[in-house]
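Before we discuss the details, please open the coordinates alongside this note. The points below go through them in turn.

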Amino acid sequence: MDANSLALLEFPAIRERLAAAAETAYGAELARGLVPSSDPCEVGRRQALAAEAIALLDAAEEPPLHGIHDVRAPAAHAVRGGVLGADALAKVASTTAGALRARAALVEQQEAAPLLSDIAAQIDASLAPLADEIGRCVEEDGSDLRDSASPRLRRLRAELRQGRERVTEALRRLARGPGLRDHLQEDFVAERGGRPVLAVKASARRSVRGIVHDASGSGQTVFVEPFEVVELNNRHAEAAADEREEAARILRELSAGVGGRAAALTALVEAAAQIDLALACGAVSRKWRGAPVEVSSEVRLLAARHPLLEQETAVPIDLHLGGLRVLVISGPNTGGKTVALKTLGLAALLHQSGLRPPAAAAALPIFDRVLADIGDPQSIEMSLSTFSGHVANLIEILGAATERSLVLIDELASGTDPVEGAALAQALLERLARTARLTVVTTHYPELKEWASATEGSANAATAFDPETHAPLYRVALGRPGTSLGLETAERLGIDEQIVADARARVAPERLRVAELLADAEAAERAAQEALAAAERERRAARREVERAREREALLEAEIEKVRASATQERELARVEAERELAAARAELQALREDIRLARRREREVRRATPAAAGRAERERDRLLGAASSRVERTERALRALEEPLPVRGPLAAGDPVVAPAVGVRGTIAAVHGDEAEVVGAGGQRVRIALARLRPDAAPAAREEDAPAVRLLAGARSDVSDELDVRGRRAQEAREAVRAFVDEAGLAGLATVRVVHGRGTGAVRAAVREELDRHPLVERRESDSADGATVAHLHR
């Protein structure tokens, strides 16, 4: 790839952005040296690596790369017998540990990222013992060797600390003594030349016996090592020398270990950098929402954006060039022609570098060269004018272009006589159309626009502008030339109106007419595009409405099924309960009949003895038999009264006529409150009933003004008691008894009822009150008789 063309297309800025995304130093170095490849196999490999990196980033499974340094130079130094410092050794250990972590992470992602895993396999796992040994001997921050690096180093450092403490204590003792106290400038212990000293006044130098190691800048203070501590300092210095010798030995051994594995460490750094570069390519592509590129003989970019512009505000462009050989882009200045050139060029360079270009979709050939001439190439040092520099670049492009090349030229053959420049531009395009795969140029020459319209394999494109304000819209429309709008642009940028009017009068009328026709065509095209966009928005809105309607329909069907299932379940429960009560009543009747047969035998025996006793026995028998028969008849009537549930048409709502068979109520729903409905009749009386107990009424209540608000479906009993005693029963039995008791009390028209449950453990009391709280006929409840009973007030 031509280095000058890469610079003109701002590819170095892409490299810097890629380097900023890298986590390792060598990975950033590889990013800054990245060059697009013209080899289809290499391009495919780079794109596959980027795809794997993006997949790992999407799943938050990217390998960790922190702590990895470029240790190739220290490793090479160690190979030559050099001794590495603690800092360099710590970086070797950190780099090895970090690379091994990345290797382990990618081994786990072998299926999702096979290429990255293959690169990670180049990291030698046998380097782990070297990293562990360095970590054992060197501080993690590389500041020094650890005391535990060797037993001798630990002992020598302990001796050093003790010796330093002895010397310091001796000096402090001398400083506090009456013989030296008055001669000292300061009472603290200083250090000069690695030996502890005292700060002595220069005037008292002869009063303090010792070795002078230094003097202050002012000459007022001398630093003296008293003879009393010289021997202690000598022993301390000897221990320090031994410690340095032991530390040097350890560093030599560790450095030799690094030198012995230098090749493996170099391969480790390079593999980690390749992984880092692939992840950086994936991260940058992902950030600007890059699209995978289809390798094709055609050129197609959909909603492509310049990668260095702000992605949220950059105006996307579409380029469906198919098999075109030449594209001529025209339009007003500052209208986006050059940005379109760079967007196409960078899309190709990004693809061939292993990144995804920012676009919704892309299809590109793999170019062997991307040749560009963009901007002002004049050079005072080289005695080149704008046109001369432009021609020099064109000569290089003509010599380098091949059947696989992409050529991008801004303002072709400009900067000279317009007639000659237009003729030269046409001749250049004729040559490039035969030699290059695709040539894209920008121009203001009308002759070049006409050439593009008349030449096979070539096409015009226009940068769009606002027809009212003439402001650029930075869009590219294929298939027609653009108008330069030089006068309008000059006026918009502030040129005096009279000057612009004078200039317009100097333009040939046919030229103005052509510009007006192009402007009208562009306005018509824009209006058609807006109408098409509006129709597309309406179509999408209609599709969303259809989808919402289908969702609502599905929700309603589910609710209907739920209500139908609830109705069927409640009916079954009621039938089972009625059948259970009927069976119990029949069993009781059978038992009574057995008792009656026994009683008759006794009666015959008693009648023989006392007629009065016989009469009493016969009356008792009739009473018991009548009571049992009545209970059986009531239960059988309740069982027959269970009707088949009506078809459920949908969820119950306000205005629906309903019936509650379980409590004998019929009316119309006035309002729905959660799981309850307020049922009202024409008379205005209201009652709250659970929705689960209501059914659609096939025969709605009468609507006459004198019709009752709530119609009773079952006759009210006059012998219903207003008190129920559930003491001694289990909680569930108490619930069932209270439920039936309140239903009968409601039918009988009672205003209040009293349930005696006792205090006990509180389980029965809690069950009774819970049942009263959720019963639809109970308005409120209150405690009674020191909490041994509960009074319930019923809806009237």
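Which residue caps the N-terminal end of α3?

1. The cap is threonine 24, a side-chain oxygen of which lies 2.9 Å from the backbone nitrogen of glycine 27; a polar contact is here a pair of N or O atoms within 3.5 Å, where, within protein, one must be able to donate a hydrogen and the other to accept it, and residues adjacent in sequence count only if both atoms are side-chain atoms. Helices (H or I, at least four residues) and strands (E, at least two) are DSSP runs, numbered from the N terminus.

2. A word on provenance: this is a predicted model, in which local features need pLDDT of at least 70 and side-chain atom pairs count only at pLDDT 80 or more, while totals for chains, interfaces and linings use all residues. Residues are numbered from 1 along each chain as its sequence is written, and side-chain values use heavy atoms, with hydrogens and water left out.

3. In helix α3 (residues 25-32), the buried residues (under 20% relative accessible area, with exposed meaning over 50% and partly exposed in between, for a 1.4 Å probe and protein chains only) are Tyr26, Gly27, Ala28 and Ala31. Their cover includes α2 (11-21), α5 and α11, contact being taken as heavy atoms within 4.5 Å.

4. Helix α5 has Pro74, Ala75 and Ala78 buried, and because these fall within an arc of 100 degrees seen down the helix axis, they line one face; the arc is that of the directions from the helix axis to the C-beta atoms. On the other side of α5, Ala73 and Val79 are exposed, and the cover of its buried residues includes α6, α10 and α11.

5. Leaving aside neighbours within four places in sequence, valine 258 is in contact with residues including Ala75, Ala78, Leu89, Ile134 and Leu265.

6. An open sheet of four strands runs in the order β5-β9-β6-β7, with mixed pairing, where two strands pair if DSSP finds at least two bridges between them. β5 (293-295) and β7 (317-322) stand at the edges, each with a single partner strand, so one side of each has no neighbour in the sheet. β5 pairs with β9 (residues 361-364) in the parallel sense over three bridges, and alanine 362 in β9 is the bridge partner of valine 293.
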